[in-house]
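Subject: A structure for you to explore

Hi,

Here is the structure I promised to pass on to you. Please have a look at it first, and then read my notes below.

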Amino acid sequence: FFFFQAEDGIRAPLWSRGLGDVYKRQALFGGVLIAISTSLNLFLNGRITGMSSIFYTLLTFDTKEGLLWKFLFMCGMLIPTYIIFITNSEFITTKYYSPFAFIIGGFLVGIGTKVGNGCTSGHAVCGIPRLAKRSIVATTLFVALGLAIGSLFGNLNWLQRGGYGSDWGMLYYDNFKILSSILSGIAFSACVIVAALSYARSKTNTEVIDIFVSVFLGSLFGLGLSLSGMCNPFKIISFLCINNDWDPSLIFVMVGAIGVNLVTFWFIFKREKPVMQGSFPSIKNEFDNQVIIGPILFGIGWGISGLCPGPGMLGFFILPQGFLFVISLAIGCITATNIVIPMLTQTKVTPASVSDRSLKQIINNSLSLIHISEPTRPERISYAVFC
């Protein structure tokens, strides 16, 4: 019902047909699922579902920032996305998308989301419903820049010119689903192992429930992204590129997500605390140069690549060139943390101390996750290599 319409007896994928009523309902329903996931995450645990925050926590292996639930949430996102990708050949079409769009766009998105402290999920889906002024300003900026850059590159057909490149490239594209299945299988296996270990180590019923809740909410979020077409960069570029073939369906996604959260967040914040654990986050309304510069860079990268952190992470598993975006996104986040943000905040950071601190942080967090007490130097080195 949500994926196909057959007015003329032909079961054509909705995203290859015109904008019909079923298509609108699909985008709207996807946005509602995203809203349900983010609302429940706030209601149960007091968590803001920010995809850029989830990505950076996974990148730095930071156990103090909720590494466990964010990893399980990410694996949950992958479950429905992978199923739809494998069963629907028209779900993603990026054979002729230039790799430079993912490289440049991913780098700018990484810097922008880290500097601006949020992306479409954190600022738009979860920030606007909280009436956070920073999020309203940030969303306005990155949408405006995304439309401007998307229209420029889309109409001039820059960076969207790709291709197989060679016979090896064609072979890679034609067999990508095999690689996708292998990568997804590794992720699912890791999810099961981590969930089992966490269950064995859990001391309270809340910790046990949180394991399953994180996977379930991630699945809802991933299904919403997949149904709404957010995982397809061409779909996003079709919205950001204003021309005769403009696709306004992303508006229905935002209406569904933000509209529902405006109501649910209002009731949720009337409570003293979340149902299961934690506390509700405070709203930051202070303005600085980061809330301007970050969204601008993010909007430019979004307009070039058609991806933001959430769909980008899923793109690692379902897009033939998705790994380019994820690698560039990681480099952008690291650059922002170690170079751009210190420059904007006038904080002095030496390259040597940055590298040393980052390596030690990752090793110590890895060891604390599996409870290794006072490990020897060889144990630290071997475990760092393993990670």
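One definition before we start: Ala, Val, Leu, Ile, Met, Phe, Trp, Tyr, Cys and Pro count as nonpolar, Asp, Glu, Lys and Arg as charged, and the others, Gly among them, as polar. Please also keep in mind that this is a predicted model.

**The second largest pocket**

With those classes in hand, the lining of the second largest pocket divides into 9 nonpolar, 16 polar and 10 charged residues. The space in this pocket comes to about 1100 Å³. It is lined by 35 residues, and the closest to its centre are Ile48, Ser53, Glu65, Asn117 and Lys284.

Which helix gives the most to this lining? That is α2, with 6 residues. At least two lining residues each come from α2 (51-60), α3 (67-87), α4 (99-116), α5 and α6 (133-156).

Among the buried ones are Met51, Phe55 and Tyr56.

**The cavities**

The structure also holds 3 cavities of 30 Å³ or more. The largest cavity contains about 120 Å³ of space. There are 16 residues around it, and Ile34, Thr120, Val125, Leu225 and Met230 are the closest to its centre. Two or more lining residues come from each of α5 (120-125), α9 (205-228), α11 and α13 (309-318). By class, this lining has 13 nonpolar residues, 3 polar ones and no charged ones.

**The salt bridges**

How many salt bridges does a search of the whole structure find? There are 3.

- Asp210 pairs with Arg47, and their closest N and O atoms are 3.0 Å apart. This pair links distant parts of the chain, as Asp210 sits in helix α9 and Arg47 in the loop between α1 (21-45) and α2, 163 residues apart. Both Asp210 and Arg47 are buried.
- Asp288 meets Arg134 at 3.8 Å, N to O. Here Asp288 lies in the loop between α11 and α12 (290-305), while Arg134 belongs to helix α6, 154 residues apart. Is Arg134 buried or exposed? Arg134 counts as buried because its relative accessibility is 13%, and buried means under 20%. Asp288 has a relative accessible area of 33%, so it is partly exposed.
- Asp247 and Lys235 form a salt bridge at 2.9 Å, N to O. Asp247 is in the loop between α10 and α11, and Lys235 is in helix α10, 12 residues apart. Asp247 counts as buried because its relative accessibility is 12%, and Lys235 counts as buried because its value is 9%.

Leu28, Ile242, Trp246, Ile251 and Val255 make a nonpolar surface patch of about 420 Å². One of these residues, Ile242, lies in the loop between α10 (233-240) and α11 (249-268). Why does Ile242 count as partly exposed? Its relative accessibility is 49%, and the cut-off for exposed is over 50%.

Terms used
Residues are numbered from 1 along each chain as its sequence is written. This is a predicted model: local features need pLDDT of at least 70, side-chain atom pairs count only at pLDDT 80 or more; totals for chains, interfaces and linings use all residues. Side-chain values use heavy atoms; hydrogens and water are left out. Patches are made of residues with over 30% relative accessible area and no salt bridge: like charges are joined within 9 Å, nonpolar side chains (Val, Leu, Ile, Met, Phe, Trp, Tyr) within 5 Å. Accessible areas come from the Shrake-Rupley method with a 1.4 Å probe; for residues, only the protein chains shown count as cover. A salt bridge is a side-chain nitrogen of Lys or Arg within 4 Å of a carboxyl oxygen of Asp or Glu. Helices (H or I, at least four residues) and strands (E, at least two) are DSSP runs, numbered from the N terminus. Buried means under 20% relative accessible area, exposed over 50%, partly exposed in between (1.4 Å probe, protein chains only). On a 1 Å grid over the protein atoms alone, a cavity is a set of points where a 1.4 Å probe fits but cannot get out, and a pocket is an open set with protein on both sides within 12 Å along at least five of seven lines; lining residues have an atom within 4 Å of a point. Grid points are joined across faces, edges and corners, and a volume is the space filled by probe spheres set on the points.
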